[in-house]
Amino acid sequence: MANRILIVDDAAFMRMMIRDILTKNGFEVVGEAQDGAQAIEKFKELRPDLITMDITMPEMDGIAALKEIKKIDPSAKVIMCSAMGQQAMVIDAIQAGAKDFIVKPFQTDRVVEAINKTLGI
């Protein structure tokens with residue numbers, strides 16, 4: 001069975017890019033969300049194996065959403081997505097329980113490597 005992934009990013013273009021990388025590499029994208037609040041709702045509803053989460057989003061940022069998701073399921077696997085120059089936020093995210101991070105613009109090899117490592121494939 002394919003690993004089920006939820007994509008969270010406020011930019012539709014970024015969601016499309018990462019969806020493309022994931023589906024071409026055999027992962028199943030079970031849902032998408034455009035802010036942290038939606039991410040929490042989708043997580044509760046879909047129970048994905050892994051979440052890719054943008055750090056900076058309107059409404060609720062990725063770190064706040066990560067903390068809420070970890071309250072719901074401490075074993076949730078989340079990989080943060082950040083733009084260059086957001087190192088401090090990436091450190092906050094890792095301390096909040098993120099398993100890994102990938103940098104935009106996405107590089108296919110790095111995305112697949114991070115996901116495989118986090119899922120233990």
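Reply: Buried means under 20% relative accessible area. Please note that this is a predicted model.

Me: Which residues of helix H3 are buried, then?
Reply: In H3, which spans residues 62-72, the buried residues are Gly62, Ile63, Ala65, Leu66, Ile69 and Lys70.

Me: Why do they line one face of the helix?
Reply: Seen down the axis of H3, the buried residues fall within an arc of 155°, so they line one face.

Me: And what covers them?
Reply: The cover includes helices H2 (36-46) and H4 (87-95), together with strands E3 (50-54) and E4 (78-82).

Me: What caps the N-terminal end of H3?
Reply: Asp61 does: one of its side-chain oxygens lies 3.0 Å from the backbone nitrogen of Ile63.

Me: Turning to the sheet, in what order do the strands come?
Reply: The order is E2-E1-E3-E4-E5, an open sheet of 5 strands with parallel pairing. Strands E2 (28-33) and E5 (100-103) are the edges, each pairing on one side only. On average, neighbouring strands are turned by 20° against each other, direction ignored.

Me: How many bridges join E1 to E3?
Reply: There are 4 bridges between E1 (residues 4-8) and E3, and the two run parallel. Ile5 stands opposite Leu50 in E3.

Me: Which strands does helix H5 lie across?
Reply: H5 (residues 108-119) lies across E1, E3, E4 and E5, and runs at about 170° to E5.

Me: What does UniProt list for residues 4-119?
Reply: The unreviewed entry gives "domain: Response regulatory" for that range. Over residues 4-119 the chain is 48% helix and 22% strand, with the end C-alpha atoms 11 Å apart.

Methods:
Residues numbered from 1 in each chain as written. Predicted model: local features only at pLDDT ≥ 70, side-chain atom pairs only at ≥ 80, totals over all residues. Heavy atoms only, no water. Buried < 20%, exposed > 50% of the residue type's maximum accessible area, 1.4 Å probe, protein only. Arc of directions from axis to C-beta. Contact = heavy atoms within 4.5 Å. Polar contact = N/O pair within 3.5 Å; in protein donor to acceptor, adjacent residues only side chain to side chain. UniProt positions renumbered as here; feature names shortened; annotations may be inferred. Pairing = 2+ DSSP bridges. Axes fitted to C-alpha atoms, helices over the stretch in contact; angles between N-to-C directions.
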